[in-house]
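Hi,

Here is the structure I promised to pass on to you.

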Amino acid sequence: NNDGIDPVSCTNFTIRNVDVNTADDAISPKTNLPLPDGSWAPMRGLRVENARLRSKSFAVKMGSEIYGDLEDFSFNDIRIYSSHQGIGVDLREIGNVRNGTFSNVNILRAEWVGSGDF
């Protein structure tokens, strides 16, 4: 896996002023941290601000390894360039994705290449 930034089950976590150029997903939040009681740790309060993203897959990918809930997140002032895909939400596991916002997102030359499996 060649993801850029994969925050895992964080609370009030900010990613700011980054330039990510990667061969897989540039930013892909995950909630795959198991808790002793058998549940999964959630993620709340993720903020991504002023990010420049380039990816051979998704620039922003939500859904892979979402076992706990992902809530109250925002992506603001995002520039996606020369990526195969821009923003993807593909919920595969048991967690929920709620209360998120995307604002001031600029996608330049998304170059989707794939088999149409989403």
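This is a predicted model: local features need pLDDT of at least 70, side-chain atom pairs count only at pLDDT 80 or more; totals for chains, interfaces and linings use all residues.

Residues are numbered from 1 along each chain as its sequence is written, and side-chain values use heavy atoms, with hydrogens and water left out.

The largest nonpolar core has 19 residues; such a core is a set of buried Ala, Val, Leu, Ile, Met, Phe, Trp, Tyr and Cys residues joined through side-chain atoms within 4.5 Å. Buried means under 20% relative accessible area, exposed over 50%, and partly exposed in between (1.4 Å probe, protein chains only). L46, V48, L53, F75 and I78 have the most contacts inside the core. Two or more residues each come from β1 (14-22), β3 (47-55), β4 (58-62) and β5 (70-81), and β5 gives the most, with five. Strands here are DSSP runs (E, at least two residues), numbered from the N terminus.

Beyond four places in sequence, L46 is in contact (heavy atoms within 4.5 Å) with P7, F13, I15, P29, D72, F73, S74 and F75.

T22, in strand β1, counts as buried because its relative accessibility is 11%. The T22 side chain reaches the backbone oxygen of N2 at 2.3 Å.

By contrast, V89 sits in strand β6 and counts as exposed because its relative accessibility is 57%.

Best wishes

Terms used. Helices (H or I, at least four residues) and strands (E, at least two) are DSSP runs, numbered from the N terminus. A polar contact is a pair of N or O atoms within 3.5 Å; within protein, one must be able to donate a hydrogen and the other to accept it, and residues adjacent in sequence count only if both atoms are side-chain atoms.
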